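The exercises below are worked from a model and its sequence. Try each task before reading its solution.

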Amino acid sequence: MRETTPKGLHRLAFGGDYNPEQWPESVWQEDVRLMREAGVTMVSVGIFSWALLEPEPGTYDFGWLDRILDLLHENDVRVDLGTPTVAPPAWFYRAHPEALPVSREGVRYSYGSRGAICHSSPAYREAAARITTQLARRYATHPALALWHVHNEYGVPVSACYCDTCADGFRRWLDARHGSVEAVNEAWGTAFWGQHYTSYEQIDPPRLTPTVGNPAQQLDYRRFADATMRENFRAERDVLHRLSPGVPVTTNFMTALSQSDSVDYWAWGREVDLVTNDHYLITDGRRTHVNLAMAADLTRSVAGGAPWLLLEHSTSGVNWQPRNPAKRPGEMARNSLAHVARGSEGAMFFQWRQSRRGAEKFHSSMVPHAGTDSRVWREVVRLGADLDSLAGLRGTRTVPDVAMVWDWHSWWAQSLEWRPTEDHEARERADAFYETLYDRHLTVDFAHPEADLSAYPLVVVPALYLTTEAAGRNLREYVENGGTLVVSYFSGIVDEHDAVHPGAYPGALRDVLGLTVEEWSPLGEGESVRITGPDGASLTGDVWTEFVVERGARPVWTYADGPAAGRPAVTRHRLGEGTAWYVSTRLDTASLDVILSAACEDAGIEPRVELPRDVEVVRRSGDGGDFLFALNHTAHDVKVPLESPGTELLGGEHAAGHLPVPAGSVRVVRLDA
Ligand code: GLA
Ligand code: ZN
C-alpha cells in the first residue's frame with residue numbers, strides 16, 4: 001500500500017485541477033497543447049462534475065468526460081479522476097432536503113455552493129455510491145486513469161452536521177464505543193449540572209446550549225463526525241477497489257489546516273492508498289515557508305514516511321484570505337520543491353486554467369487570465385522542466401532528524417471552552433516548537449503519542465493536553481531507553497474522555513518528567529515573566545506560569561518574578577538512559593531555542609551552525625540515490641557545504657565543496673555514491 005504511486009506515471013506529478021466543463025471544447029485543444037508545453041504529467045478531473053455527469057437521477061452524460069479523457073491520453077497526460085460526491089446536484093437536494101447539513105445552532109444550510117452534505121444521510125450515501133459505481137464501471141480500464149480522487153477535502157467546509165439523522169447515528173456510535181448508557185454517563189462525567197442520561201434516546205449532538213456543554217460529549221462528537229466521514233470515504237474507496245483494481249485511491253487531505261475541527265489524519269492516512277495533500281500559504285505575517293515545511297513534514301508522517309503527493313497548491317495568490325498577495329518571482333518553484341524535498345512525488349496546483357466565472361475566478365492558476373505572456377506561465381513552464389529533471393528521486397524518502405508528537409484528538413480536546421486561559425493555543429505551541437527546530441535546520445517527523453519513537457534522538461511534545469495512559473507509558477519508555485524528551489506545559493493532563501488523570505498534574509507524565517504541578521497561574525494580557533538560567537542568563541515567558549514541585553527533576557531555569565517567583569521554570573530529569581525536559585511557561589522561539597539547544601546536546605545532535613537562517617537543507621535518500629535539497633528563502637546568495645560531491649540536477653553541473661545557491665533559488669544535488 002505504502003509505496004503506491006499513480007498508475008502509469010513514470011515522472012513526478014505536475015499539473016493541476018482541471019475543470020474542462022467550464023470551457024468550450026475549442027479551448028480544450030489549447031489546454032492540451034499548453035500542457036505539453038509546460039510538461040504537465042497529470043491533471044485532476046471531474047471533482048465537481050456530478051450535476052453534469054448525472055443531469056437527472058439515473059440519467060448519465062459521460063460523453064464530454066470520455067472526450068476529454070481521450071484527449072488527455074492522446075497527449076500523454078495521466079488523469080486523477082474525481083468522484084464528484086462533494087457537490088450533489090440540485091435535483092438530489094430537491095428530493096432529499098434532509099441531506100443538507102444542519103449547523104450547531106440548528107440552521108439548515110442551503111445548496112448552491114459545495115460541500116453541503118450530511119454524511120449520515122442514507123439518501124446521500126446511496127446517491128454517492130451510485131455515481132461512484134457508474135464512474136468506476138466506465139473508466140476502470142481507461143488508459144489515462146492513474147489515480148482515483150474521492151470527494152474533496154473531507155471536513156471542510158462543514159466539519160460536522162447536527163441534524164436528527166446524525167443524532168441517531170451518534171447514539172449508535174456511542175453504543176458501539178461505550179457499550180451502555182451507563183458507560184457513556186461515566187465517560188462523560190454526567191453527574192454534573194444534571195446531565196445524567198437514562199436512555200440513548202435522550203442523548204443529542206452537542207447542539208447550541210445556554211452555556212458550555214459537556215466537553216467529553218463534544219469530543220466524542222468530533223470523533224463521531226470524523227468516523228462518519230471516513231466511513232463514507234471507505235464506501236466509495238471499496239467500490240473503486242472492487243470495480244477498478246490496480247488503480248490507487250486517494251482523497252486530498254489538508255494536514256496542516258490550522259482549524260481545530262480538522263479530521264484525524266492519523267486515522268485517514270491508514271485508509272488511502274496514496275496520501276495526497278493540499279497546502280496554501282497563509283499570509284498572516286508569519287514565515288510562510290516554515291508553515292509549508294511543517295505541512296509537508298506532517299503529511300509525510302501521516303503517510304508513514306513514504307512518498308506522498310502535493311495535490312494542490314497555488315501558482316500565485318489565492319482568493320479566500322482577507323488579503324491575497326501574489327507570489328514573488330521564484331516563490332512558486334521554491335514552494336513546490338520544498339514539498340518535493342519533504343517527500344512529495346511532484347507538485348500539483350489548484351487549478352490549471354483560471355476560471356472566468358464562479359467564486360474562484362480571482363484565484364491564481366497555471367494558465368492565468370493574463371495568458372501565456374506572463375510571469376506565472378513562464379515560471380510554470382520552467383517548473384515543469386525542473387521537475388522533469390528530478391524524476392530519478394521517485395521512491396526515495398526524506399531523512400528525518402527529530403520527532404514532534406502530534407495528536408488531533410488532543411488538539412480537539414484542548415480547543416474546547418473554559419480552559420485556564422484563552423491565550424493558550426495548542427497549535428501555537430506546535431508551530432513555535434516546529435519553527436525552533438526548523439531554525440536549527442532539523443528535519444521533523446511527526447509521531448502519534450503511542451507510536452514507536454526509538455528511532456529519534458530527540459522528541460518534543462508541545463502541549464499534549466490529552467495524553468492517554470498508554471501514551472504516558474510510551475514516552476516514559478522512550479526516555480528510559482535513552483531518548484531525550486522536551487515537554488511543554490499543559491501536557492499529560494486528561495485522558496481520552498477529557499477526564500483529569502487522578503492525582504497531581506501532569507498525571508500521565510509525572511513519572512517521566514519527575515515532577516508535579518500544584519497549580520497553574522496563567523498571566524494577564526501583555527504580562528510576562530523572567531526566568532533565569534544556569535549562568536545568570538535570563539529569558540522571557542508569557543501566557544502561562546505554574547507551581548512546579550520537583551520530584552526527581554532538577555530545576556535548570558527558575559522564575560525570577562511573577563506568581564511562581566523562586567520556583568522551577570524549566571526542569572531536567574535523568575531517567576534510565578535518557579533525559580526529560582519540562583518547560584512550564586510560554587517561551588518565544590528564540591528563548592525556546594536556548595532550551596532546545598541544551599536538549600540537543602543531551603541527544604547528541606550536532607548544531608548545523610554553518611547554515612544561515614532561512615536556508616533550508618533537506619535530504620531524500622533511497623534506492624534511487626542520495627539527494628540534497630538546498631532552498632534559499634533569503635534575498636542573499638549563499639553557499640551550502642556539501643558532504644560529498646555530486647551533480648546539481650536543475651542545472652546539470654558538477655557540484656563539490658560549497659554549493660552556491662543564489663537568492664530565492666533552489667539547488668538539488670544528487671550526491672555521488
Ligand atoms: C481547496 C479546494 C479547491 C479550491 C482551492 C482554492 O483546496 O480543494 O477546490 O477551492 O481550495 O484554494
Ligand atoms: Zn446530519
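**Exercise 1. A helix and its packing**

Which residues of H6 are buried? Then describe the span of H6, the elements it packs against and the residue that follows it.

Solution. The model is a predicted one.

Step 1. Helix H6 covers residues 164-178, which is 15 residues. From first to last C-alpha it reaches 21 Å, close to the 21 Å expected at 1.5 Å a residue.

Step 2. Applying the cut-off of under 20% relative accessible area, the buried residues of H6 are Cys166, Ala167, Gly169, Phe170, Arg171, Trp173, Leu174 and His178.

Step 3. These buried residues pack against two helices, H7 (181-188) and H8 (215-243).

Step 4. After H6 comes Gly179, with a positive phi near 90°.

**Exercise 2. The surroundings of ligand 1**

List the residues around ligand 1, then find polar side-chain atoms that lie by an oxygen atom of the ligand.

Solution.

Step 1. Around ligand 1 are Phe48, Arg114, Asn152, Glu153, Asn252, Asp278, Tyr280, Glu312, Trp320, Phe350, Glu360 and His363.

Step 2. Take the distances to ligand oxygen atoms in turn.

- For Glu153, a polar side-chain atom lies 2.6 Å from an oxygen atom of ligand 1.
- For Trp320, the distance from a polar side-chain atom to a ligand 1 oxygen is 2.8 Å.
- For Arg114, a polar side-chain atom is 2.9 Å from an oxygen atom of ligand 1.

Step 3. On its own, ligand 1 has 300 Å² of accessible area, and the protein covers 96% of this.

**Exercise 3. A buried asparagine**

Is Asn632 buried or exposed, and which polar contacts does its side chain make?

Solution.

Step 1. Locate the residue: Asn632 belongs to strand E24, residues 625-632.

Step 2. The relative accessibility of Asn632 is 0%, so the residue counts as buried.

Step 3. The side chain of Asn632 makes a polar contact of 2.7 Å with the side chain of Thr634. The Asn632 side chain also reaches the backbone oxygen of His636, at 2.7 Å.

Step 4. Leaving out residues up to four places away in sequence, Asn632 touches Arg334, Asp614, Val615, Asp637, Val638, Val661, Pro662, Ala663, Gly664 and Ser665.

**Exercise 4. A buried alanine**

Which residues does Ala580 touch, not counting residues up to four places away in sequence?

Solution.

Step 1. Ala580 sits in strand E21, which runs over residues 578-583. Its relative accessibility is 1%, and therefore Ala580 counts as buried.

Step 2. With that sequence limit, Ala580 touches Val479, Leu485, Val512, Leu513, Thr571, Arg572 and His573.

Step 3. For a separation across the chain, take His151, 429 residues from Ala580 in sequence: the two C-alpha atoms are 43 Å apart.

**Exercise 5. The whole chain**

What radius of gyration does the protein chain have, and what would a compact globule of 673 residues have?

Solution.

Step 1. A compact globule with 673 residues would have a radius of gyration near 26 Å; the protein chain has 26 Å, which agrees.

Step 2. Along the principal axes, the C-alpha atoms fill a box of roughly 75 × 75 × 40 Å.

Step 3. The secondary structure of the chain consists of 17 helices and 29 strands. Of the 673 residues, 60% are buried.

Step 4. Among contacts with a separation of 6 or more, 73% are between residues 24 or more positions apart.

Step 5. The accessible surface of the chain is about 26000 Å², and carbon and sulfur atoms account for 48% of it.

Note on methods
Residues are numbered from 1 along each chain as its sequence is written. Chains are lettered from A and ligands numbered from 1 in the order in which they are written. This is a predicted model: local features need pLDDT of at least 70, side-chain atom pairs count only at pLDDT 80 or more; totals for chains, interfaces and linings use all residues. Side-chain values use heavy atoms; hydrogens and water are left out. Helices (H or I, at least four residues) and strands (E, at least two) are DSSP runs, numbered from the N terminus. The expected span of a helix is 1.5 Å times one less than its number of residues. Buried means under 20% relative accessible area, exposed over 50%, partly exposed in between (1.4 Å probe, protein chains only). Contact means heavy atoms within 4.5 Å. A residue is near a molecule or strand if one of its heavy atoms lies within 4 Å of it. A polar contact is a pair of N or O atoms within 3.5 Å; within protein, one must be able to donate a hydrogen and the other to accept it, and residues adjacent in sequence count only if both atoms are side-chain atoms. Accessible areas come from the Shrake-Rupley method with a 1.4 Å probe; for residues, only the protein chains shown count as cover. The radius of gyration is taken over C-alpha atoms; the globule rule is 2.2 Å times the number of residues to the power 0.38.
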